[in-house]
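Please take a careful look at the structure shown below before reading on. The briefing that follows goes through its strands, its helices and its aromatic rings in turn.

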Amino acid sequence: MGKATGFLEYQRIDAKAENADTRVSHFREFHTPLSWEEQKTQGARCMDCGAPFCQNGGMLNGMASGCPLHNLVPEMNDFVYKGNWKKAFERLDRTDCFPEFTGRVCPALCEAACVCNLGGDPVATKANELAIIEYAFSHGYMEPKPPKLRTGKTVAIVGSGPAGLAAAQLLNRRGHSVTVFERSDRIGGLLRYGIPNMKLEKQVIDRRLKLMEAEGIAFQVNTDVGKDFSSEKLLEKFDRILLACGASEPRDIPVKGREAKQIYFAVDFLSAVTKSLLDSGLKDKSYPMAKGRNVLVIGGGDTGNDCVGTAIRLGAKSVTQLEMMPKPPKERGAQNPWPQWPRILKTDYGQEEAAAAFGSDPRIYQTTVKEFQADQDGNVKKAILIKLKPEQDAKSKRITMEPIEGSETEIDADLVLIAAGFMGAQTYVADAFQTAVDERRNVLAKEGSYETSAPRVFAAGDMRRGQSLVVWAICEGRQAAKAIDQSLMGYTNLS
């Protein structure tokens, strides 16, 4: 705990964000962290609640309540309050491989389950976590930790997202020789090309990778396992294989006119922008042009929001964002009590920036696209929208969103970004290793052991569980590392 009465004496203070109308001129992170002393006060707000739901990570009503990594939140906050940053770091490092990532992009499941939420604002645990790891980097705590002994065992990890990197870190520290294979030109997976720079600047990833390389992990880029690098070769060379390729098969919108040009999947758009930014500072213009265009984003989740913020930075003339579901309430309903994840209205940075740029929130609820229309050159120029209404199936009781006939409207749209979620993993890797998949094309791997149907092949992260959060990917990577270690050694001392 922090200070016994801290939650009564101190208000929650968050890092100050740069104004929405100015930060859209760049792709850098735009929050100014609190000072070390100010952050200590935020640590003091952690109360002696008796039952720290913040670190539970159990499932309630389909969502995690608290941290899936089971970070030792009260202890960590207590050390922040006392100014013992080294001890705080040691606690955090026990459970979270990459606090510099989760401290930036995690939706803070810990804070949603904080007991302080019952009568006020939750403890700023996410900001405390980020402060701890940044203090550790700036004060020399983050030194390479190569293993003293090598086991002689080899592990190949296919995919360099958070699940693959987490597994690589633990397996390497155990003494196994680890090689990470990545099909892209840079390591990082969705951290690199799926999350925009303003949420996670890429030097943060590079800083961590430098440490991992110094610890003995090998990275091999531009290697597409299952296509230009055979599974047979990998199985011959390595004792164990971990598939951590993510769930990167996007969900399409199969409507009339879908074949028009200038319609892209969100992940392809975001990846192209980030690659151009890293390669040339956007000078090569090797990404879909948004400048001067009416941008339509289909999908209301985090990826859709990232598309909104990115399009504005690229000079979009207008941005409209479609959300199929009804607008969430501003406060918890009776069917969504604490400590469940709050299913309430969230206005993220992209929507804030759109409101500042265009005068209103870009989201239109209970709406989807019925048809796209193209110009004489085949480029999309308009979208026909249709309103939706919730209907409950009499037998299954499942709620579906059905179109309302006669509710069609037309909007200008000359760049369309589809952020409608993902259908599971791309199957060519699973096919190459002959691993079984489920109806969503996720690789089937046993809960707890992470073993697939193919001998010596394991799976973790989004590739196993479907599209999810970075914190869940890290959790799965850590658990898969333990399972692989157990398989190789007959026991494991990884925690």
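In this predicted model, strand β5 (residues 154–158) runs parallel to strand β6 (residues 177–181), and five bridges join the two. Within this pairing, Val155 stands opposite Val178 in β6.

**The sheet and its helices**
- Strands β5 and β6 belong to an open sheet of five strands with parallel pairing, whose order is β7-β6-β5-β8-β18.
- The edge strands, each of which pairs on one side only, are β7 (218–220) and β18 (457–459), and the twist from one strand to the next averages 20 degrees.
- Helix α9 (residues 162–174) lies across β5, β6, β7 and β8 (240–243), and runs at about 170 degrees to β5.
- Helix α18 (residues 470–489) lies across β5, β8 and β18, and runs at about 165 degrees to β8.

**Aromatic rings**
- Among the 10 aromatic pairs of the structure is that of Trp36 and Tyr135, which is edge-to-face because the planes of the rings are at 80 degrees, with the centres 4.8 Å apart.
- Because Trp36 lies in helix α3 (residues 36–44) and Tyr135 in helix α8 (residues 125–138), this pair ties together parts that are 99 residues apart in sequence.
- Trp36 is partly exposed, with a relative accessible area of 34%, whereas Tyr135 is buried, at 14%.
- Tyr135 also forms a stacked pair with Trp85, with 5.0 Å from centre to centre and 15 degrees between the planes; Trp85, in helix α5 (residues 85–93), is 50 residues apart from Tyr135.
- Ring pairs link Trp36, Trp85, Phe89, Tyr135 and Tyr141 into a cluster.

**Charges over rings**
- Lys227 lies over the face of Tyr428, at 4.4 Å from the ring centre, while Lys233 lies over the face of Phe229, at 4.7 Å from the ring centre.

How values were computed:
Residues are numbered from 1 along each chain as its sequence is written. This is a predicted model: local features need pLDDT of at least 70, side-chain atom pairs count only at pLDDT 80 or more; totals for chains, interfaces and linings use all residues. Side-chain values use heavy atoms; hydrogens and water are left out. Two strands pair if DSSP finds at least two bridges between them. Helices (H or I, at least four residues) and strands (E, at least two) are DSSP runs, numbered from the N terminus. Axes are lines fitted to C-alpha atoms, for helices over the stretch in contact, and angles run from 0 to 180 degrees between N-to-C directions. Contact means heavy atoms within 4.5 Å. Rings of Phe, Tyr and Trp (its six-membered ring) pair if their centres lie within 6.5 Å; planes under 30 degrees apart count as stacked, over 60 as edge-to-face and the rest as tilted. Buried means under 20% relative accessible area, exposed over 50%, partly exposed in between (1.4 Å probe, protein chains only). A charge sits over a ring if NZ of Lys or CZ of Arg is within 6 Å of the ring centre and within 35 degrees of the ring normal.
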